[in-house]
Amino acid sequence: MDKDKLYFHFANLGLVIMGILSIQKTVGPVMAALLVLGSVGGFLFSWYIRNSRPPHIDTFIGMLSLASAVAVLSRLYEAEISFENLLRIFSTALAWLCLFQTFGLKEQKSYSLLQFISAALLISSVSLALEEETVYILYLTAFLFTLIFAMRLDLVCEKQGRGSIIIGDREEVMGLWHQIKVGAIMFSIVLSLSAIVYPAVPRFNNLSLDWIPSTLLGLSEKNPILKLLPSADKSIKEDKVKKEQKVDDASKKRETAKAEIKTKGPEEKKEEDAKENKKETTERFKASDFNKNIDAYKIESLTIKADRDKLPLDQQASITAEIKLTDGSVIQATKLVDWKVTGTAKVSLDKDGKLSPKEEGTVQISASYMGAFSNDVKIKITQPVTPKKKKSFLFHLLMLFLWLLILALLVFSIIIFIRSQKLAAMFRDNPKEFIKEVYAALCRALKIYGMPKFDYTAYREFYDFIREFISARPGPMQALTEGFLEARFSSHEISVAHSRNALESFHGVKDVILEREEKNKFWKGFLFRLTVLDVLLVPK
Amino acid sequence: MLTSKGISLLFTVIILLAIAWNTDITMVYIFFVIAFVMFIMAYFHMRLNMPDIEVQRVTQDTAYEDEMMNIKMNIRNNISRSASFFEIVDYFPGAEPGKENTSLFMLNIRAKEEMNFNYTMDCYKRGIWKIGPIQVVSQDALGFFRMRKALNVVSNIIVYPALFRVFAFPPPASGSVSWLGVETAKISGDSHEFFGVREYQRGDLMSRIHWPSTARHNKLIVKQFERNAIQEVTIVLDLKKGNDIGVGKETTLEYAVKIAGSVARYLMDNRVFVQLVGYTDEARVVPFGRGESHAFKILEYLAGVRSEGVYTLSETLEEASFITPYRSTLVTIMLDNDMDALSSLVQFKIKGIKLIVIALAGSTFGHVEGSEHLDEAGAREFDEALAGLEAHVYRISKGDKLEKIFETV
């Protein structure tokens, strides 16, 4: 695989990881870590089998994919259709796709699907987590940059895949730094132009398009996907209600406004009715005091204020009333006014204007004083806020360990990959060094089985030493030792055929060792494989 | 103009705008703006990236079937800005089906730069072809848009049929006696070129007795002289429309062309005069000749033949009988069910023309509407007729190794 394809491959892995990172708040850090591991594992697996297709791999992949689809769909049956669940499904699909990238690694055809899902994850998670915009802007910029980088490479790789002859200085044009430079230029142009264009983007507010029924714009207000957004209170409909409310406040035609709001479409009515399942009640609280000095004819306005618009059940809100007289003076009238509380929640209001909620719901408070009516104040009574459970030190330690593990795995994969590439190049260009490296790797790996090769041990002596260990089939080790001695000491030319023989002998020795029956076979076998992974990745 | 990626981006832009308008979320607006700017930028970049290039193609004039054709291309960027990531698509109709277009992906060409490079194309099928025109495909840096421009750069090439080596072929008839022959035939005759000596036979002229040899051997020995004669072979091809059975390169015509070319070359190498006859809507004849230039005339003829004729082989043979000399040889390449052609060959036998028939087993090449394969009785009748002609017969089926068939006589 050439450099362009390699960069392209890892750029796409970067996109996938960024997509998964963006949803870690939704799926949880453990799941995110697993997804990242799954994706990296998938890419490595597909890398491993890129040149050879193990027998029955297609059947195996097909069955696993089918099983995953069944599992995901069966969970969907009972799952609530929420944005969080959609993100989970998307991310699971992404991890599965990465795991079975073998479908397209050779031709690089299925990356676009991965890119699409990653972008979808990023965009939807941003919609969910508006309060953390800065982090998501960083994700977005990193994603955009990598996407530009990947797409440029995709063009070249696609042409190569279709048998195009590439003309031009590849080292110069397709070099990593040149690619990064061009990507960065394009990225900055896109961002600068976006910054210029952004203020001119038509919005409903500044274009006053809110009178257009959203269905005319192709958006059904009933569209469940759009309603899934938790920030749906920023929708067109809510916007309309707020505006109408503002108009009512300005003109103080409280009753009329209420009537207007109630004359909204049947759909909205139903929605509001659903919200107001509880019966709306009205309570009145009489004034506790009277000021005979206030002339009713000199009252210009009566204003009430609440110190909060959301009130948890275990707290109190303070409501104050002020009377403005025609001479401009303002009189505190909290104790003087008659209070009227309409709503779905029961509350009590004391003489100092302290509002104590008794149940969940919404209340609308107004006041009156000698024929003057105040504005309305809406207060939402919510459940008491319980402090978030602090996560234990162990949890953070575990998370740290997991991330360190992922990082280590990534570094290990990159090192192994680079080494295997070097070995593959040596296989062709420098067979002498290749044979030496293969032999050295095997000697390192044999330490796991308690058979180190010391500097003072001669090569044939070492073979005699391990002969009993590989007694099932000592032939390959003998061939490898002899091949190594030839490469190490002979002056004649060592060809690719020698490399091939050495590699075959190496695989033969590996098979003999791994077929042995002994204690701790699994761990030793695993460590052995890891130690010689770079050699194992060299195509035969 | 929009690629599949471009369509996806367009959909993304629309969906993002819809979500942004419905939710009024700032970040979604930002996403929308970025996607929109990328879309617009990609379009303008594609327009700007369309290079104004001058292309020159240098290629060989002739090639043989199955050979690689080397093409040199010269590209000059006429504008004062560089162009990158564009594609040059060269078209060669004689290439393997599905590989007619050769794509050259240009990574970069600087302002006013001139580039030279080589590439190869496979000459899959014989023919007289035109290479080109060239298509320049420009795209933006991310592949959302694509635009094509055609450049009328055309080169001509003749792809000769692939020939095989003929090791042996029946010797042609001894030739007509003619002083027009530029060479003597290597057979005994009455020219002034000494050929050899032999024992006297009844009827030999007394003047031919070589007295010194007679004295030495104590018996009558006569001198022999070479005969002045030329050997002429006429090769007849069946070019009737519909008589070309099979697909691709495995058709009866392709086999016939290959055999005709190879046999002609073998005969000319043996100093035989060869003429080629085939009728399409008019007579297409390469008259007798030999030598290298004549060999290329024949190859050129064979490169261009198509079975588009209205004349049957029988009619072609009727016409050919006028231009086939006495005591020459006629090689007919025909289908093994053409009884009419076989009947037409009788007149050649009467004229003393040696007949060589190369019969292609049409049934092995496939079935063509309108042509019927002979049943067992018909085949027997065909064989009997062929035997009656006392012709030398080669039978060839699809997939036969031609070189092996022409290994021995």
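This is a predicted model: local features need pLDDT of at least 70, side-chain atom pairs count only at pLDDT 80 or more; totals for chains, interfaces and linings use all residues.

Tutor: Two packed helices are described by the angle between their axes and the distance between the axes. Here, helix 16 (residues 431-446) of chain A packs with helix 18 (residues 475-489) of chain A at an angle of about 135 degrees, the axes being 9 Å apart. Angles over 145 degrees would count as roughly antiparallel and 65 to 115 as roughly perpendicular, so helix 16 of chain A is oblique to helix 18 of chain A.

Student: What is the handedness of the crossing of helix 16 and helix 18 of chain A, and which residues meet there?

Tutor: The crossing of these two chain A helices is left-handed. From helix 16 of chain A come K432(A), I435(A), K436(A) and Y439(A), which meet L480(A), G483(A), F484(A), A487(A) and R488(A) of helix 18 of chain A. By class, that contact has five nonpolar, one polar and three charged residues.

Student: Now the sheet. How do I read strand order?

Tutor: Strands of a sheet pair through backbone hydrogen bonds, either parallel or antiparallel. In chain B, an open sheet of three strands has the order 2-10-7, with mixed pairing. Strand 2 (62-64) and strand 7 (127-131) of chain B each have a single partner strand, so one side of each lacks a neighbour in the sheet. On average, neighbouring strands are turned by 30 degrees against each other, direction ignored.

Student: How many bridges join strand 7 to strand 10 of chain B?

Tutor: Five, and strand 7 and strand 10 (residues 155-160) of chain B run antiparallel. I128(B) stands opposite I158(B) of strand 10 of chain B.

Student: What lies across strand 7 and strand 10 of chain B?

Tutor: Helix 5 (residues 292-304) of chain B does, running at about 100 degrees to strand 10 of chain B.

Key:
Residues are numbered from 1 along each chain as its sequence is written. Chains are lettered from A and ligands numbered from 1 in the order in which they are written. Axes are lines fitted to C-alpha atoms, for helices over the stretch in contact, and angles run from 0 to 180 degrees between N-to-C directions. Helices (H or I, at least four residues) and strands (E, at least two) are DSSP runs, numbered from the N terminus. Angles under 35 degrees count as roughly parallel, over 145 as roughly antiparallel, 65 to 115 as roughly perpendicular and the rest as oblique. A crossing is left-handed if the near helix is turned anticlockwise from the far one by less than a right angle, and right-handed if clockwise. Two residues are in contact if their C-beta atoms, placed from the backbone, lie within 7 Å. Ala, Val, Leu, Ile, Met, Phe, Trp, Tyr, Cys and Pro count as nonpolar, Asp, Glu, Lys and Arg as charged, and the others, Gly among them, as polar. Two strands pair if DSSP finds at least two bridges between them.
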